[in-house]
Amino acid sequence: MHDLELIGVGKTYPDGTVAVQDFDLQVGSGEFVAFLGPSGCGKSTTLRMIAGFEEITHGRIMIKGRDVSRTPPEKRPTSMIFQNYALFPHMNVRDNIGFGLDVKGLAKREKDAKVDRILDMFGLTEFADRPADRLSGGQRQRIALARGLVVEPEILLLDEPLGALDANLRRIIQNELKLLQRELGITFVFVTHAQSEALGLSDRVVVMSDGVVEQISTPTELYRRPASAFVADFIGANAIFEGRGLRRDGASALLDTALGEIRAPWRDGIDPAQGLLAVVPAEAMRIDAADAVPVAGRTRLSGALSGQQVVGATGHFKVRLTDGREVVVEGRDDALAGRALATGDPVTLSFAQESVTLVPPR
Ligand code: ADP
């Protein structure tokens, strides 16, 4: 049984805006899932539908095998953390945290015990009597988390919970969040438009665009095997080559591009009729002097080194290809060290076929 299951969930707002279409997702117990996508793609709407703050137009939402599609928010085993934390500014920390338990009608003694325990866990005991508006952003963030967790939800829903914090605090709380999630084993569903946050924190990422799910996979898979042109463009720093014709050569596909043939793993179901894109991650490419001995089996494209920047052990390089486009290559500095290449030098850009993914154009 899944902790959370969305089956064909859709949302059309009364004004006709189609915010979410046909959303299917299964989340396992204790999983950390992020919804990632540009502003307006339907992430918050989906989260609010899971919480019950927004009615669904189509489909069903199941939590632990129970259909909660029409269940009011306070009767769902979920808690939501809002971006602005939605704390009561003049209420003290203790009452803010206890608020959800009041709503549930818990007896005072039981409530106090639960609140004390969570204050202790979050290191907030010494602030218990202070009004929420006299605390720092990081402390308010912790109170919001404590308030969400004190009701012991099956699923914690987080809507851009780090959005209001500065970069430093963001990193600290990111780590805390991940540790907390592991420790409690609670299922987390997290909305963000920040790629690094989604990829760094979650077990799986749901990439959305324009109300549609583009891909659901692990962060590594998103990098290595983007499922669509949108994902290839949105995640990481991929080189994307437009292809025209496709030929099969055993287990390989040979895509004809303006720069020459690109070799990729053959995949059943790829349809060259609309054209195809070959996607190559920035860290899968390598740069060699144009006159270097070629490595067998790699696709080779000619160009000139147009930029290089080495920071610590990693380098960011740029290669201007013969069609004028610039491709970004990321690698260890040994990708270039010892070869003494200077900006402007003719080079060969190469990559192994396994690193290439063919996707349909947008
Ligand atoms: P995200 O969280 O990815 O930024 P939202 O879920 O907030 O996206 O919004 C998805 C789409 O639905 C957007 O086009 C947005 O303008 C629209 N939308 C959000 N809330 C409402 C509403 N209450 N009424 C009408 N349209 C809305």
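**Exercise 1. Work out whether Glu 31 is buried or exposed, and what the residue touches.**

Step 1. Start with the cover: Glu 31 has a relative accessible area of 14%, so Glu 31 counts as buried (buried is under 20%, exposed over 50%, partly exposed in between, with a 1.4 Å probe and protein chains only). Keep in mind that this is a predicted model, where local features need pLDDT of at least 70, side-chain atom pairs count only at pLDDT 80 or more, and totals for chains, interfaces and linings use all residues. Residues are numbered from 1 along each chain as its sequence is written, and side-chain values use heavy atoms, with hydrogens and water left out.

Step 2. Helices (H or I, at least four residues) and strands (E, at least two) are DSSP runs, numbered from the N terminus.

Step 3. Look for polar contacts (pairs of N or O atoms within 3.5 Å; within protein, one must be able to donate a hydrogen and the other to accept it, and residues adjacent in sequence count only if both atoms are side-chain atoms). The Glu 31 side chain pairs with the side chain of Arg 204 at 2.5 Å. The Glu 31 side chain also reaches the backbone nitrogen of Gly 28, at 2.8 Å.

Step 4. Leaving out residues up to four places away in sequence, Glu 31 touches Gln 26, Gln 181, Ile 186, Thr 187, Phe 188, Asp 203 and Arg 204 (contact means heavy atoms within 4.5 Å).

**Exercise 2. Describe what surrounds the ligand.**

Step 1. Sort the shell by class: four residues are nonpolar, six polar and three charged. Here Ala, Val, Leu, Ile, Met, Phe, Trp, Tyr, Cys and Pro count as nonpolar, Asp, Glu, Lys and Arg as charged, and the others, Gly among them, as polar.

Step 2. Ask which element gives the most: helix H1 (residues 43-51), with four residues.

Step 3. Check the polar atoms. A backbone N or O atom of Gly 40 is 2.7 Å from a ligand oxygen, and a polar side-chain atom of Lys 43 is 2.9 Å from an oxygen of the ligand. On the Tyr 13 side chain, an N or O atom lies 3.3 Å from a ligand nitrogen. The ligand taken alone exposes 560 Å², and the protein buries 63% of that (Shrake-Rupley areas, 1.4 Å probe; for residues, only the protein chains shown count as cover).

Step 4. Zoom in on Thr 45, which lies in helix H1. With a relative accessible area of 8%, Thr 45 is buried. Beyond its neighbours within four places in sequence, Thr 45 is in contact with Lys 11, Tyr 13, Ala 19, Val 20 and Glu 54.

**Exercise 3. Trace the open sheet that holds S2.**

Step 1. Write down the order: four strands run S2-S1-S4-S5, with antiparallel pairing. S2 and strand S5 (66-67) are the edges, each pairing on one side only.

Step 2. Count the bridges: six join strand S1 (residues 4-12) to S2 (strands pair if DSSP finds at least two bridges between them). For instance, Leu 4 has Val 27 as its bridge partner in S2.

Conventions
A residue is near a molecule or strand if one of its heavy atoms lies within 4 Å of it.
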